[in-house]
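Welcome! Take a look at the sequence and the fold, then read on.

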Amino acid sequence: MTDQTAVTDKPKAVPTLPNAAKVTAVTHWTDRLFSFKVERPQTLRFRSGEFVMIGLMGDPDPATGKQKPLLRAYSIASPSWDEELEFYSIKVPDGPLTSRLQHIKVGDEIILRPKPVGTLVTDAILPGKRLWMFATGTGVAPFASLMREPEVYEKYDEVILMHTCREVGELEYGRKLVEHIKSDEMMSEIEAGKLRYYPTTTREEFHHMGRVTDNLTSGKVFKDLGVPPLNPETDRGMVCGNLAFNKDIMAILDGFGLREGANSEPKEYVVEKAFVD
């Protein structure tokens with residue numbers, strides 16, 4: 001007699017996401033901000049500061065039942081040498097992707113398109129003495145990658161991160177990262193005291209307040225840090241924030257005589273123009 005049980009109980013293949021990457025860690029920093037890590041595909045190579053497209057599958061089409069991926073550009077917050085990929089995200093209640101992404105848990109899968117691109121890379125700016133990183137909110141993500149990249153400290157005498165958020169709690173991700181770099185035995189040896197951190201808030205009381213743009217135009221940041229104003233001969237800049245912030249910073253950098261560069265034509269500063277919902 002044929003054993004039908006083995007045939008009947010044969011497990012069905014579990015469908016997986018295209019370009020799936022398994023979530024290994026999730027941290028909720030505030031009710032608006034979270035970070036997560038995923039397994040790094042063995043074939044993925046990227047330069048610190050680049051971004052990839054990540055996402056989840058959307059709802060089935062009512063008519064066809066087919067699902068399409070919801071994808072957005074996310075900067076890789078981990079350095080190029082890391083074994084995992086880290087991402088830092090805002091939670092948008094009605095955002096097509098982030099409204100879902102904020103609920104991921106360890107063991108879940110996301111879609112990760114393994115084609116890194118971006119302009120916030122050291123190859124896109126000319127050699128200089130001082131590297132400025134200008135960020136608002138989750139725009140700190142690519143700098144989380146670059147601040148842990150040994151090449152950055154080989155190329156510059158000073159690396160200054162200016163990061164502005166509305167409230168103190170929203171600075172915690174960046175603050176802990178800088179703290180780790182300076183306390184970690186290996187990273188602190190590479191950083192060698194070159195990394196300087198200038199966090200500010202715009203709403204909640206803090207020891208440094210004001211927008212990045214205001215602190216640049218007033219000269220306050222130069223006075224506070226004891227460095228000269230931006231000079232195209234020595235200073236280089238990287239910019240990552242919302243569209244209005246990017247536009248304002250570009251006008252300020254242009255005013256100091258710095259020029260916008262790109263991978264194909266390195267100059268004194270670069271701007272990332274990919275955004276998340």
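How many of the 277 residues of the chain count as buried? The share is 45%, where buried means under 20% relative accessible area, exposed means over 50%, and partly exposed lies in between (1.4 Å probe, protein chains only). Please keep in mind that this is a predicted model, in which local features need pLDDT of at least 70, side-chain atom pairs count only at pLDDT 80 or more, and totals for chains, interfaces and linings use all residues. Residues are numbered from 1 along each chain as its sequence is written, and side-chain values use heavy atoms, with hydrogens and water left out.

**The whole chain**

The chain has nine helices and eleven strands; these are DSSP runs numbered from the N terminus, with helices (H or I) of at least four residues and strands (E) of at least two. Along the principal axes, the C-alpha atoms fill a box of roughly 90 × 35 × 35 Å. Among contacts (heavy atoms within 4.5 Å) with a separation of 6 or more, 73% join residues 24 or more positions apart. The accessible surface is about 13900 Å², and carbon and sulfur atoms hold 52% of that; such areas come from the Shrake-Rupley method with a 1.4 Å probe, and for residues only the protein chains shown count as cover.

**Strands and their partners**

Let us turn to strand S10, residues 235-240. Six of its six residues are buried, so S10 is largely enclosed by the rest of the structure. In a regular strand, side chains alternate between the two faces of the sheet. In S10 both faces are covered: Asp 235, Gly 237 and Val 239 are buried on one side, and Arg 236, Met 238 and Cys 240 are buried on the other.

Strand S5 (residues 84-90) is also worth a visit: six of its seven residues are buried, so S5 too is largely enclosed by the rest of the structure. The table lists pairings of these strands; two strands pair if DSSP finds at least two bridges between them.

| Strands | Sense | Bridges |
|---|---|---|
| S7 (residues 130-136) and S10 | parallel | six bridges |
| S10 and S11 (residues 269-271) | parallel | three bridges |
| S2 (residues 33-39) and S5 | antiparallel | seven bridges |

Leu 131 stands opposite Arg 236 in S10, and Phe 34 stands opposite Ser 89 in S5. Met 238 has Val 270 in S11 as its bridge partner. From S10 the chain passes through helix H9 (residues 243-255) to S11 in a right-handed β-α-β crossover; right-handed means that, with the strands pointing away from the viewer, the path from the first strand over the helix to the second runs clockwise.

Thr 122 sits in the loop between strand S6 (109-117) and S7. Thr 122 has a relative accessible area of 6%, so it is buried. Leaving aside neighbours within four places in sequence, its contacts include Leu 146, Lys 155 and Met 238.

Ile 181 belongs to helix H5 (residues 172-183) and is buried at 0% relative accessibility. Beyond neighbours within four places in sequence, Ile 181 is in contact with residues including Met 147, Arg 148 and Leu 195. Arg 148 is 33 residues from Ile 181 in sequence, and their C-alpha atoms are 7.2 Å apart.

Finally, Ala 192 is in the loop between helix H6 (185-191) and strand S9 (195-201). Although Ala 192 is not a glycine, it has a positive phi of about 50°.
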